[in-house]
Amino acid sequence: MPTDAHPGPLRVLVLGASMRTGSSNARLAALVARMLTAAGATVDLARMREFDMPLYDGDVEETHGLPDGALALRDRLERCDAFVLSSPEYNASVPGVVKNAIDWVSRVRPQPFKTKHALLVSASPSLVGGNRGLWALRVPLEHLGTRVYPDMFSLASAHQGFTEDGQLADPALQTRLEETVTAFLRLVEADARYVCLQRRWYEFPGDRTGAPVTQRAEG
């Protein structure tokens, strides 16, 4: 193994992005966290209500700086190799509280979402399982340089989608989620442990960290 390979277990932040107590997305986040732990990762399981912050306001930022909740989320992101976001869907899009958190944390320099791997999952009582919200969520994350995993997982009819012990009621869906989580973790491992892999990314507006994208790479 290369001498500069990633030491120790992979670190993954799993964030249940709903504010509601008893949220299906909190249950889905907990299930994904158990799967990651079983696969050997070190998991930091969090809830969105741990990161209290006001609506983004440029005047507030200029006067008071970033709120403690945004800085706390920044710290948790910086300590991880990847993150999993279990987000509900509001009106066929991303919840305001999630977008607001992304907007605040994106103001940090260096930008903490950049080059992180992310897996997006959702649980919803609807028949599409929050999938439309996940597609909307990809946009700001990819814009900020996050490497969002191509496969997303959406649990439809989530109000009846879990067993009493927190597994998925549908064995086929349970298997698919396990396969998705395992494949995601393997990708993160390849990137973290074998740093000879070359990485390139698109820059987002306001990024002043280096040369034009066609000339810049991590390796």
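User: Where does S23 lie?

Analyst: S23 lies in the loop between β1 (11-16) and α1 (24-38). Helices (H or I, at least four residues) and strands (E, at least two) are DSSP runs, numbered from the N terminus. The model is predicted, so local features need pLDDT of at least 70, side-chain atom pairs count only at pLDDT 80 or more, and totals for chains, interfaces and linings use all residues. Residues are numbered from 1 along each chain as its sequence is written, and side-chain values use heavy atoms, with hydrogens and water left out.

User: Is S23 buried or exposed?

Analyst: Buried means under 20% relative accessible area, exposed means over 50%, and partly exposed is in between (1.4 Å probe, protein chains only). S23 has a relative accessible area of 2%, so S23 is buried.

User: With which side chain does the side chain of S23 make a polar contact?

Analyst: A polar contact is a pair of N or O atoms within 3.5 Å; within protein, one must be able to donate a hydrogen and the other to accept it, and residues adjacent in sequence count only if both atoms are side-chain atoms. Here the partner is the side chain of S18, at 3.3 Å.

User: How many aromatic pairs are there?

Analyst: Rings of Phe, Tyr and Trp (its six-membered ring) pair if their centres lie within 6.5 Å; planes under 30 degrees apart count as stacked, over 60 as edge-to-face and the rest as tilted. This rule gives three aromatic pairs. In one of them, the ring centres of Y56 and W104 are 4.8 Å apart and the planes are at 70°, so the pair is edge-to-face. Y56 lies in the loop between β2 (42-47) and α2 (58-64) and W104 in helix α4 (residues 96-105), so the pair ties together parts that are 48 residues apart in sequence. Y56 is partly exposed at 32% relative accessible area, whereas W104 is buried at 0%.

User: Which are the buried residues of helix α3?

Analyst: An α-helix has 3.6 residues a turn, so residues three or four places apart point the same way. In helix α3 (residues 68-78), the buried residues are G69, A70, L73, R74, R76 and L77. They cover an arc of only 165° around the axis, which puts them on the same side of α3. The arc is that of the directions from the helix axis to the C-beta atoms.

User: What do the buried residues of α3 pack against?

Analyst: Contact means heavy atoms within 4.5 Å. The buried residues of α3 pack against β1, β2, β3 (82-86) and α4.
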